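Please keep the sequence and the 3D view open while reading.

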Amino acid sequence: MNQELSLHNSLSRQKEVFKPLKPGFVGMYVCGPTVYSDVHLGNCRTFVSFDIIYRYLLHLGYTVRYVRNITDVGHLLDDGEDRMSKGARANQLEPMEVAQKYTNGFHDMMRIFNTLSPSIEPRATGHIPEQIEMVQAILDNGYAYESNGSVYFDTLKFAQEKGIYGDLSGRKIEELIAESRDNLKNQDEKRHPADFAIWMKAAPEHLMHWNSPWSVGFPGWHLECSAMSRKYLGEHFDIHGGGNDLKFPHHENEIAQNVGSCNCAGAGYWLHTNMLLMNGRKMSKSDGNTISPEELFTGDSVHVSKGYSPMAVRFFMLQSHYRSTLDLTDEGLLAAEKGYKRLLEGFHVLLDLTGATGQATDALDQEINQLIDGAFAEMNDDFNTPKALARLFELVSRINSLKGGQLPLTAVSPATLERLQTTFRVFIFDILGLLDEDAAGASGNNQALEGVMQLVLDMRQTARANKDWGTSDKIRDALNAAGIVVKDGKEGVSWGLA
RNA sequence: GGUCACGUGGCCGAGCGGUUAGGCAAAGGUCUGCAAAACCUUGUACAGCGGUUCGAAUCCGCUCGUGACCUCCA
């Protein structure tokens, strides 16, 4: 359990042992959503992935400052119009009203998926001065030039002098020269196609704009993350994360801006999550290959046969590694839903286990401890949730066997049983961030149902004792029809929601 | 076109040179009044063709296929 944490660093393209800059503390920046439309599932997968990473770092005992921004400035469209203001005009709303609406929706969805809130959630529009300062610093260092009120990053000069441009995304400046398309707006203002705007002069009708030394305008595409990560995490910090599709140009340019402004590289470890696919293609809001979280929950979509609960979906995501693509399919979701229930049911059974009287030297006792250690070891290996889950499921088999009598509790020590119970609780709820959906529905405000079920099952037991199979089966079938499953065990009857 | 990934048993999905991944589904068995649940057993998979190696799903090459990035995108 005291193993080191290793993680895959996109910069080196290999696993590295994680060493925080300051022992005990971790600074992590994750690129957040652009709030000009509803979140979609792909976003959710990424943020669930980083939620696991955040939770596991906390579990390891780190004090983590988790910064995840809200992009409410918007980015340039091909026609040069700011996305935020475009949405505003279409809906006759203030730009900030649009941003707020979708920010709220994003927060609601993050809550539904049971992700922890970041420590700081800075907004791009709230950090215009910091961004202007960074533009100025880059200009002062000679890595940007002003052109017609806009300021562009001098990518070619930066690449030649620093020699690091392209390190993250594996690109070469020569290739950029050859491949860059020339259909960008203000192309003529740029010295080189690979140059990118860090300050844009606003067109007169542009709604979102601010004063700056160069023009009334707005910050460039990639600047906010550089400015805000530095403000809250410093010139050097530990982890920077985001979706794979942000690697280039967004993250590459972020690094360039960091180095270009203060000669500091920003994050030491770059983590990238892979894409959520549907029908084998990237899920994307721009090309319509998408299913909204709501549609997935309600089943109101041609892509699914039924609705899936948020935790079933979260579990589905945890069954693959964050660096692998994950193909959303109805069959996959169905399997995940059952697996999730099996895991939670195993936890419930485990809580009721008592009477462990074995020794730590018993083979079963040792096996259980090894599986527990294994689950943590898998998490330490680049947050391998699918493998950790595999160990947990092997433990579920042991747990059920202990309950059913196929394995003896006399071969498990009290300490190990307690460790197992603690581990399951910690793993399922704290690390994997799952919620007990059954418990939420069956207990708490549902004391009445508990009482009724107790009565009904008592009556059924009486009937069974009298070999009145007609009555007992009628009760069972009626409960089944009502969505309640009766489970006859060796030591009594239990029930659960189907 | 350039760059980079990936192609695993019925489905999903781990795997990073030698050992059972795991989940779902399926078959047989145990348990049960009958079921359900649970437990046990079973599948001998790694796109194709070569190569390296005592040994390859795992390394190398080629072929085919799919995808991502190169343009806003998690």
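A residue is called buried when its relative accessible area is under 20%, exposed when the value is over 50%, and partly exposed in between, using a 1.4 Å probe and protein chains only. The model is a predicted one, in which local features need pLDDT of at least 70 and side-chain atom pairs count only at pLDDT 80 or more, while totals for chains, interfaces and linings use all residues. Residues are numbered from 1 along each chain as its sequence is written, chains are lettered from A and ligands numbered from 1 in the order in which they are written, and side-chain values use heavy atoms, with hydrogens and water left out.

## The chain as a whole

Chain A has 498 residues, and 52% of them count as buried. Its C-alpha atoms fill a box of roughly 95 × 55 × 35 Å along the principal axes. The chain holds 17 helices and 15 strands. Here helices (H or I, at least four residues) and strands (E, at least two) are DSSP runs, numbered from the N terminus. A contact means heavy atoms within 4.5 Å. Among the contacts in chain A with a separation of 6 or more, 74% are between residues 24 or more positions apart.

Is Ser 261 buried or exposed? Ser 261 counts as buried because its relative accessibility is 8%. The residue lies in helix 8, which covers residues 247-262. Leaving out residues up to four places away in sequence, Ser 261 touches Met 134, Ala 137, Ile 138, Asn 141 and Arg 230. The side chain of Ser 261 also reaches two backbone oxygens: that of Gln 257 at 2.8 Å and that of Asn 258 at 3.1 Å. Both are polar contacts, meaning a pair of N or O atoms within 3.5 Å; within protein, one must be able to donate a hydrogen and the other to accept it, and residues adjacent in sequence count only if both atoms are side-chain atoms.

## Strand 9 and its partners

Strand 9 spans residues 236-243, and seven of its eight residues are buried, so the strand is largely enclosed by the rest of the structure. Two strands pair if DSSP finds at least two bridges between them. Strand 3 (residues 25-30) runs parallel to strand 9 and is joined to it by three bridges. Strand 10 (residues 266-273) is also parallel to strand 9, with seven bridges between them. Gly 241 of strand 9 takes part in both pairings: it is the bridge partner of Val 30, and its partner in strand 10 is Leu 271. From strand 9 the chain passes through helix 8 to strand 10, a right-handed β-α-β crossover. Right-handed means that, with the strands pointing away from the viewer, the path from the first strand over the helix to the second runs clockwise.

Another group of four strands forms an open sheet in the order 5-6-7-8, with antiparallel pairing. Strand 5 (144-147) and strand 8 (217-219) are at the edges with a single partner strand each, so one side of each has no neighbour in the sheet. Within this sheet, strand 6 (residues 150-153) and strand 7 (residues 196-201) are joined by three bridges. Val 151 stands opposite Trp 199 of strand 7.

## The cysteines

A disulfide is a pair of cysteine sulfur atoms within 2.5 Å. How many disulfides does the structure hold? It holds one, formed by Cys 262 and Cys 264, with their sulfur atoms 1.6 Å apart. Cys 31 is in no disulfide, and the nearest cysteine sulfur, that of Cys 225, is 3.8 Å away. Cys 44 is in no disulfide either; its nearest cysteine sulfur, that of Cys 31, is 17 Å away.

| Residue | Relative accessibility and class |
|---|---|
| Cys 262 | 21%, partly exposed |
| Cys 264 | 2%, buried |
| Cys 31 | 4%, buried |
| Cys 44 | 0%, buried |

## Ser 6 and Asn 380

Ser 6 is in strand 1 (residues 6-9) and is buried, with a relative accessible area of 16%. Its contacts beyond four places in sequence include Lys 15, Phe 18 and Asn 380. Asn 380 belongs to helix 12 (residues 363-380) and is buried at 2%. The side chains of Asn 380 and Tyr 56 make a polar contact of 2.9 Å.
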